[in-house]
Amino acid sequence: MTVRGVDVSAYQPTYDASGLGFVFVKATEGRTWTSPVQAKQAATARDAGAVVGFYHFLWPGQIAAQAAYFVAQADSRPGDVLACDWETTADGTAASCAEKDAFLAEVERLRPGHRTVLYCNTDFWLHRDTTSRCGDGLWIADVTTAGRPRIQHSWVFHQYSISGGLDRDVANFPTTAALRTWSTG
């Protein structure tokens, strides 16, 4: 894997995108929260020539409304990747596998020209997922050697580390150009 990237949220309002092939930016959460810095974070990535992705932190319930909120609020452009972040919420709940699947399907319906991916950790993928539905690809979180997540399923992105205050990722593409071709395809 030569394509390195990071994912950022409002906790990292500024970051250095030099040398990165992609950046995922947290855009929304639930039906009411929108990152006030997502446009600036995406511009940093675009200025560095990186592929941009936006993610939505999924809460249980009102799935169609969350998908509509995400696509309306994300500062996305054609060729950007849209991701569902499926994990435990701040109040200890989590969307079900069926809700995750419904969210991905609704985002795909609302934004048919965008690639969609599922972000989750190995616990969710191995113990909560029952369908293996991950849109156009899996973005797996597993703190281990970059590009070697401990799962059997094929993956597109791997979040392998947190260092320097940033989540570190790799993409399963030989070059940024190949990733860009996939993201726009």
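Reply: A pocket, on a 1 Å grid over the protein atoms alone, is an open set of points where a 1.4 Å probe fits, with protein on both sides within 12 Å along at least five of seven lines; lining residues have an atom within 4 Å of a point. Grid points are joined across faces, edges and corners, and a volume is the space filled by probe spheres set on the points. The largest pocket has a volume of about 340 Å³. It is lined by 20 residues, and the closest to its centre are Ser9, Tyr11, Lys26, Tyr55 and Asp85. Two or more lining residues come from each of the strands β1, β2, β4, β8 (157–163) and β9 (166–171). By type, the lining holds ten nonpolar, four polar and six charged residues; here Ala, Val, Leu, Ile, Met, Phe, Trp, Tyr, Cys and Pro count as nonpolar, Asp, Glu, Lys and Arg as charged, and the others, Gly among them, as polar.

The model is predicted: local features need pLDDT of at least 70, side-chain atom pairs count only at pLDDT 80 or more, and totals for chains, interfaces and linings use all residues. Residues are numbered from 1 along each chain as its sequence is written, and side-chain values use heavy atoms, with hydrogens and water left out.

The side chain of Gln12 reaches the backbone nitrogen of Ser9 at 2.7 Å and the backbone oxygen of Gly165 at 3.1 Å. A polar contact is a pair of N or O atoms within 3.5 Å; within protein, one must be able to donate a hydrogen and the other to accept it, and residues adjacent in sequence count only if both atoms are side-chain atoms. Gln12 counts as buried because its relative accessibility is 16%; buried means under 20% relative accessible area, exposed over 50%, and partly exposed in between (1.4 Å probe, protein chains only). Beyond its neighbours within four places in sequence, Gln12 is in contact (heavy atoms within 4.5 Å) with Asp7, Gln41, Gly165 and Leu166.

In order from the N terminus, the elements run β-β-β-α-β-α-β-α-β-α-β-β-β-α. Of the 185 residues, 52% are buried. Among contacts with a separation of 6 or more, 60% join residues 24 or more positions apart. The C-alpha trace spans about 40 × 35 × 30 Å along its principal axes.

Val107, in helix α3 (residues 97–110), is one of the buried residues, because its relative accessibility is 2%. Apart from residues up to four places away in sequence, Val107 touches Ala67, Phe70, Val71, Leu82 and Thr116.

Gln62, between β4 (51–57) and α2 (63–73), has a positive phi near 45° although it is not a glycine. Ser132, between α4 (122–128) and β7 (138–141), likewise has a positive phi, about 60°. Most residues other than glycine have a negative phi. Gln62 counts as partly exposed because its relative accessibility is 48%, and Ser132 is partly exposed at 38%.

Conventions: Helices (H or I, at least four residues) and strands (E, at least two) are DSSP runs, numbered from the N terminus.
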